[in-house]
Amino acid sequence: VFAAFRRGGIGSQDLYVSFNQHGTWTPSRILPKGINSTAREYTPIGSPDGKYLYFTSMRGFTDDSLPRRLTLGEWRDSSQSIRNGNGNVYRVPLSAVLALRAAP
């Protein structure tokens, strides 16, 4: 799993996967939406037990359309929340990535 900029993916930097099969690397495939977002995803790493993929994402509260303008208090609270766009670590089952090996 690796991160790459501007390859026509979902966001400005997305996560991709390539598999080494019999000494040859398969063409890279973008990881699905939910792992990737319109924000920047980077620093993928597998857990030592091989069960999870950890990665960082710059997802923020302004990534999606807001239904209305925020009040100053709502904006201040959101900008100090966990989804403030300054980066968080996410974890997904590695099986979601490995399933792409068999997909066409």
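Predicted model: local features only at pLDDT ≥ 70, side-chain atom pairs only at ≥ 80, totals over all residues.
Trainee: Switching to the fold, what pattern does the chain follow along the sequence?
Mentor: The pattern reads β-β-β-β-β-β-β-α-β-α, with 2 helices and 8 strands in the chain. The radius of gyration is 16 Å, well over the 13 Å that the globule rule gives for 104 residues, so the chain is more spread out than a compact globule. Taken along the principal axes, the C-alpha atoms fill a box of roughly 55 × 30 × 20 Å.

Trainee: And what share of the contacts joins residues 24 or more positions apart?
Mentor: Such residues account for 47% of the contacts in the chain, counting those with a separation of 6 or more.

Trainee: Which strands form the open sheet, and in what order?
Mentor: The open sheet has 3 strands in the order E1-E2-E5, with antiparallel pairing. Strand E1 (2-5) and strand E5 (29-30) stand at the edges with a single partner strand each, so one side of each is left without a neighbour in the sheet. E1 pairs with strand E2, residues 13-17, over 4 bridges in the antiparallel sense, and Ala 3 has Leu 15 in E2 as its bridge partner.

Trainee: What does E7 pair with?
Mentor: On one hand, strand E6, residues 41-46, is joined to E7 by 4 bridges, and these two strands run antiparallel. Tyr 42 stands opposite Thr 56 in E7. On the other hand, E7 pairs with strand E8, residues 88-93, over 6 bridges, again in the antiparallel sense, and there Ser 57 has Asn 88 in E8 as its bridge partner.

Trainee: How many residues sit between E6 and E7 in the hairpin?
Mentor: There are 5 residues between these strands, and Gly 50 in the turn has a positive phi of about 75°.

Trainee: New topic, then: how many salt bridges are counted?
Mentor: Taking a side-chain nitrogen of Lys or Arg within 4 Å of a carboxyl oxygen of Asp or Glu as the criterion, the count comes to 2 salt bridges. In one of them the side chains of Glu 41 and Arg 59 meet at 3.3 Å, N to O. This pair links distant parts of the chain, since Glu 41 is in strand E6 while Arg 59 is in the loop between E7 and H1, 18 residues apart.

Trainee: Are Glu 41 and Arg 59 buried or exposed?
Mentor: Glu 41 is buried, and Arg 59 is buried as well.

Trainee: Which side chains meet in a salt bridge at 2.7 Å?
Mentor: Those of Glu 74 and Arg 68 do, N to O. Glu 74 is partly exposed, with a relative accessible area of 26%, and Arg 68 also counts as partly exposed, at 48% relative accessibility.

Terms used
Residues numbered from 1 in each chain as written. Heavy atoms only, no water. Pairing = 2+ DSSP bridges. Rg over C-alpha atoms; globule rule 2.2 N^0.38 Å. Contact = heavy atoms within 4.5 Å. Buried < 20%, exposed > 50% of the residue type's maximum accessible area, 1.4 Å probe, protein only.
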